[in-house]
Amino acid sequence: MAKLIISTKDKRLQEIDLKKSVTVGREVGDIMIKNPAVSARHLKIEKDGERFTVVDLGSTNGTFVNNEKIGDVCELKHGDVITVGKFFLTFENPKAKPEPEEMQGFGFDDLGGRTMIMDASAVQAMMPPKEAAPDPGATQKVDLSPKLFLLQPSGAPKVLKLVKETTLIGSGDNADVQIKGLTIGRIAASIVKKEGAFHITHQGGMSKLRVNGSAVETHTLVNGDKFTIGSFNFEFRTEL
């Protein structure tokens, strides 16, 4: 079972089983931390099956994961350390399910608009394998799952099926889609599925989220929408 270990620099204070979502604060919350650096309602740890995220609740001093200040939300992985004031909340979840392999190794660097030069063998390696021509008499399965395409500087785009309730994009190790760059936040943007629609929201970092050329904080995606974070170009599609 996932758990949270609360400690200071010198002392382990408490161990809490994360059976449900919990809030942390100085005055309000499931976990009360009486410290002036902690806001009255500081953060929430949300549980969704074996997936956990930490959400900053507008705290004064911010919420830090592994010594980096998060935006509004950050997905937690086993061993992450959340810092609240002078207290450390270590997240342990050894039974967490592994991330899906689609789009893993998505470790491109922000080249500031410059074109990435790749040799022919590297491009060929990224190309999907050729498939045999379909049998005209056979029933064809059509996949209309919403997808996110990363339009690469060279070669075929990377594709991710949006099957999660929340998909995280950023430079951090816990991002579902990793994009690297000095101005890109650990969690730069999130795509949340709600009531059949997909909503993209800027979360952090100096690189702004631009949808169809305009800077936005949040936007409901429709088929064919194109968005950028730094020099990375994406397209959202709900059709083949």
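Analyst: Here's a walk through the sheets, with some chain totals at the end. This is a predicted model, where local features need pLDDT of at least 70, side-chain atom pairs count only at pLDDT 80 or more, and totals for chains, interfaces and linings use all residues. Numbering starts from 1 along each chain as its sequence is written, and side-chain values use heavy atoms, leaving out hydrogens and water.

Let's start with the open sheet of six strands, ordered S2-S1-S11-S10-S7-S8 with antiparallel pairing. Strand S2 (12–17) and strand S8 (68–69) sit at its edges with a single partner strand each, so one side of each has no neighbour in the sheet. Strands here are DSSP runs of E, at least two residues, numbered from the N terminus (helices are H or I, at least four), and two strands pair if DSSP finds at least two bridges between them. Further in, strand S1 (residues 3–7) runs antiparallel to strand S11 (residues 87–92), with five bridges joining them. Within that pair, Ile6 stands opposite Leu89 in S11.

The other open sheet has five strands in the order S4-S3-S5-S6-S9, and its pairing is mixed. Its edge strands, S4 (31–32) and S9 (73–76), each pair on one side only. S4 and strand S3 (residues 22–25) pair in the parallel sense over two bridges; Gly25 has Met32 in S4 as its bridge partner.

Zooming out, the chain has one helix and 23 strands. Of its 240 residues, 39% count as buried, meaning under 20% relative accessible area (1.4 Å probe, protein chains only).

Conventions
Buried means under 20% relative accessible area, exposed over 50%, partly exposed in between (1.4 Å probe, protein chains only).
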